[in-house]
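Please keep the structure open while reading the sections below.

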Amino acid sequence: MNHPVRSVGVLGAGRLGSALATRLTGRLTLAVSDRDPAAAQTLARRLGVPAVAPAELAARCEAVLVCVPPPVVADAIASCRAHATTAAPTTVFVNLATSVPTAQLRDDPRLRDLTVVALKPVCQYTAVAHGVPTVFVTPDSGQLPLLRAVVGDLDTVLLADEKTENTIGTINRIATKAALRACSALREELAELGADPALVAAAVTNVFAGTAVDFPPDPANPYTAALLSELAATGNGLASGNGSDTGNGPDTGNGPDTRINSTATSARSVGGAVHPAARP
């Protein structure tokens, strides 16, 4: 790391906040906070880090990762200065809410004298929790060294323009819906074989997910490479040459519509309503 980071705060002890805090613990000096003090204390005890009030989090941390629901991002950042005995003008507040434009936060009168930057993850929180490398996007070149110092160990921070920042939420939503459709179709296909439910669940969470993580297939994996060529040969729109997915063309009528953005029946929840993947 080229930028020394003294202390990082995670504001929000929900799914993404907990996953990020867990990944960052031991790499950085960390503190956590939440509008529900009990939730912050529970996460803090599990990780062995301090739980503090939002205003104290801002006063003690160089960067605060804001991991709260989109409707309350501005309120959460504003709460970091409420009742503070000293302001923390040098604290960088990092907006991870993919559906909240960072420019909108900067225009909030309560936040105009604060440094608010974007860091949009292309991810599902479950992938972060399982240690899958996470790509982040920011248009804030001036804070790039700091952001890479904070989350660079998790994978990559890409510099992009503001327009790209504002597409990350759409990208995540489209990808999530495509995965839910594919998982539901897989469950139905395997159920037709009369497969044991435990085997069906393993096929979804291990075989399917593992293949997705390895897409495009590693050239050293002849099994998946051969299957990709087989799909291309059967007209499913998968190019075997470069591993890209071009399955958004018209339905040929030669079989089930496998296009990612097809108008097939809406997917049911994966693994039932209590399964983590059913809560994007």
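## Strand pairing in this model

Two strands count as paired if DSSP finds at least two bridges between them. The model described here is predicted, and its strand S1, residues 8–11, is joined to S2 by 4 bridges, with the two strands running parallel. Within this pair, Val-8 stands opposite Leu-30 of S2.

## The β-α-β unit

Between these paired strands the path includes a helix: S1, helix H1 (residues 15–24) and S2 together make a right-handed β-α-β unit.

Strands of a sheet pair through backbone hydrogen bonds, and they may do so either parallel or antiparallel. An open sheet of 3 strands has the order S6-S7-S8, and its pairing is mixed. Strand S6 (120–122) and strand S8 (155–159) are the edge strands, each of them pairing on one side only. From one strand to the next, the twist averages 30°.

Strand S7, which spans residues 134–138, runs antiparallel to S6 and is joined to S6 by 3 bridges. In this pairing, Phe-136 of S7 is the bridge partner of Pro-121.

## A helix on the sheet

Helix H7, residues 144–151, packs on this sheet and touches both S7 and S8.

Key:
Residues are numbered from 1 along each chain as its sequence is written. This is a predicted model: local features need pLDDT of at least 70, side-chain atom pairs count only at pLDDT 80 or more; totals for chains, interfaces and linings use all residues. Side-chain values use heavy atoms; hydrogens and water are left out. A crossover is right-handed if, with the strands pointing away from the viewer, the path from the first strand over the helix to the second runs clockwise. Axes are lines fitted to C-alpha atoms, for helices over the stretch in contact, and angles run from 0 to 180 degrees between N-to-C directions. Contact means heavy atoms within 4.5 Å.
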